[in-house]
Amino acid sequence: MEGDVRAVAWTGEGLRLIDQTVLPERLELLDVRTVGALVDAIRRLAVRGAPALGVAGAFGVAIALRQAEREGWDGARLDAAIAEIREARPTAVNLAAGVDRVRPFAADGADAVAAEAQALLDEDVRGNRAIGAYGADWILARTGDRPLRVLTHCNAGALATAGWGTALGVVRELHARGRIRTVHVDETRPLLQGARLTAWELERAGVPYLVQADAAAAGAVLRGLVDVAVIGADRIAANGDTANKVGSAGVALACADAGIPFVVAAPWSTVDLTARDGAAIPIEERAEDEVLTWDGARTAPEGARGFNPAFDVTPARLVSALVTETGVLEVSAGTTPNRSTHP
Ligand code: MRU
């Protein structure tokens, strides 16, 4: 069963990651025992997805403590290494939050940090199960009895989390209830998390799906071929504005025009109440080569420059529902994340 997919695991000595850069061609594991190797894995998306980054960042503090001991680092060198992990990618708030959560345990040593990181990992898996159930209930209450055609963008599955998935957790739950007709999987240019990773997960889970070009998404929604869109999130501002993989905002616009629900599924740890709105969310800009080349060969003319934001922000008014592990907020109808909506 797909529950066996563990993108991030602690071996006792270091992190064991599924190398997501080589899927679906090969399922390879990556053992990480140094801060340099972890930062590199995060930057090149060997480990990726907001909740998985949070867990990797938390275990990363244990890796830093072990390396500090082996190599005789002083406190300043250790602090700099932990900061490097925390800032390896800027948009997913979970990465910094994971590091910050375990940091108070550093005084008690690497094992204490790893134990707290493991608690975060276990909470994430439990939370994803709850997100799946809440999301499926909410969607089914609005879509009636027919088997659903669901659209998703990027990968918010087991690979992007500690297990099960957020948006794909909702899809798995709908499938378990016999309510999935098909999943439209946006390929997710330029790094193809949809075509490579979401399709890999759905294939293993036996969920029917179609991979489509990102450019096909709006037309499919407007032609009435989709009943609901469900995506994950990297950071959600206090007003409900939601940062997710670039292309998400376009899907939301199409859903609003077609009058179908646009659902964001994410753990509460992805909500950043210090960000008032989407303008306060840092958007990662990646290397221009990712959009100027294909499979190592240049596709744009010499001299062309690239614009490569990894994420976009969907305004709260376009988000029908935010599904977290504690329930559902109907964002565009006026309920936005705040302390009173989370115990
Ligand atoms: O650049 P990535 O692959 O890390 O982007 C991931 C996404 O945008 C996901 O949708 C998001 O992190 C939610 S993962 C449950």
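I count a residue as buried if 20 or more other C-beta atoms lie within 10 Å of its own, as exposed if 12 or fewer do, and as partly exposed in between, with C-beta atoms placed from the backbone. The model is predicted, so I take local features at pLDDT of at least 70 and side-chain atom pairs at pLDDT 80 or more, while totals for chains, interfaces and linings use all residues. I number residues from 1 along each chain as its sequence is written.

**Entry 1: Y134**

I started with Y134. It is buried, because 21 other C-beta atoms lie within 10 Å. Y134 sits in helix α5. My helices (H or I, at least four residues) and strands (E, at least two) are DSSP runs, numbered from the N terminus.

Which residues does Y134 contact, leaving aside its neighbours within four places in sequence? I found V323, G327 and V328. Contact here requires C-beta atoms, placed from the backbone, within 7 Å. I also checked the separation of Y134 and G327: they are 193 residues apart in sequence, and C-alpha to C-alpha they are 6.1 Å apart in space.

**Entry 2: α5 against α6**

I followed α5 (residues 110–143) to its crossing with α6 (residues 167–176). The two axes come within 7 Å and cross at roughly 65°. I use axes that are lines fitted to C-alpha atoms, for helices over the stretch in contact, with angles from 0 to 180 degrees between N-to-C directions.

The α5 and α6 crossing is right-handed. By the convention, a crossing is right-handed if the near helix is turned clockwise from the far one by less than a right angle, and left-handed if anticlockwise.

From α5, I listed N128, R129, I131, G132, A133, G135, A136 and I139. They meet G169, V170, R172, E173 and L174 of α6. I sorted the residues of this contact into 6 nonpolar, 4 polar and 3 charged. My classes put Ala, Val, Leu, Ile, Met, Phe, Trp, Tyr, Cys and Pro as nonpolar, Asp, Glu, Lys and Arg as charged, and the others, Gly among them, as polar.

Is α6 mostly covered or mostly uncovered? Mostly covered: 9 of its 10 residues are buried. Among them are R172, E173 and H175. After α6 comes G178, with a positive phi near 75°.

**Entry 3: two domains**

I noted domain 1 (8–123) and domain 2 (129–339). These bounds come from an automatic or database domain assignment. Their C-alpha centres lie 25 Å apart.

I looked up the contact between the domains next: 21 residues of domain 1 touch 25 residues of domain 2. On the domain 1 side, α2 (50–71) and α4 (93–102) are the elements that give two or more residues. The most come from α2, with 5 residues. By class, this side has 14 nonpolar, 5 polar and 2 charged residues.

**Entry 4: the ligand**

Where does the ligand lie relative to domain 1 and domain 2? It lies between them, because both domains give residues to the shell around it. I count 18 residues in that shell, the closest being R48, A156, A160, G232 and K245. A residue belongs here if its C-beta atom, placed from the backbone, lies within 6 Å of the molecule.

Both α2 and β9 (242–245) supply at least two shell residues each. The shell divides into 9 nonpolar, 6 polar and 3 charged residues.

Most residues other than glycine have a negative phi, and most peptide bonds are trans. I went looking for exceptions.

The L23 to P24 peptide bond is cis, with omega near 5°. I placed P24 in the loop between β2 (15–18) and β3 (29–32). A cis bond also joins R189 and P190, with omega about 0°. P190 is in the loop between β5 (180–186) and α7 (193–205).

T188 is in the loop between β5 and α7. Its phi is positive, near 75°. T188 is buried, with 24 other C-beta atoms within 10 Å.

C154 also has a positive phi, near 65°. I found C154 in the loop between β4 (148–152) and α6. C154 is buried, because 30 other C-beta atoms lie within 10 Å.

**Entry 5: α9**

Last, I checked α9 (residues 248–258). Its buried residues are S248, A249, V251, A252, A254 and C255. Their cover includes β4, α8 (217–222), β7 (228–231), β9, β10 (262–265) and β14 (311–314). Just after α9, I noted G259 with a positive phi of about 75°.

Key: Two residues are in contact if their C-beta atoms, placed from the backbone, lie within 7 Å.
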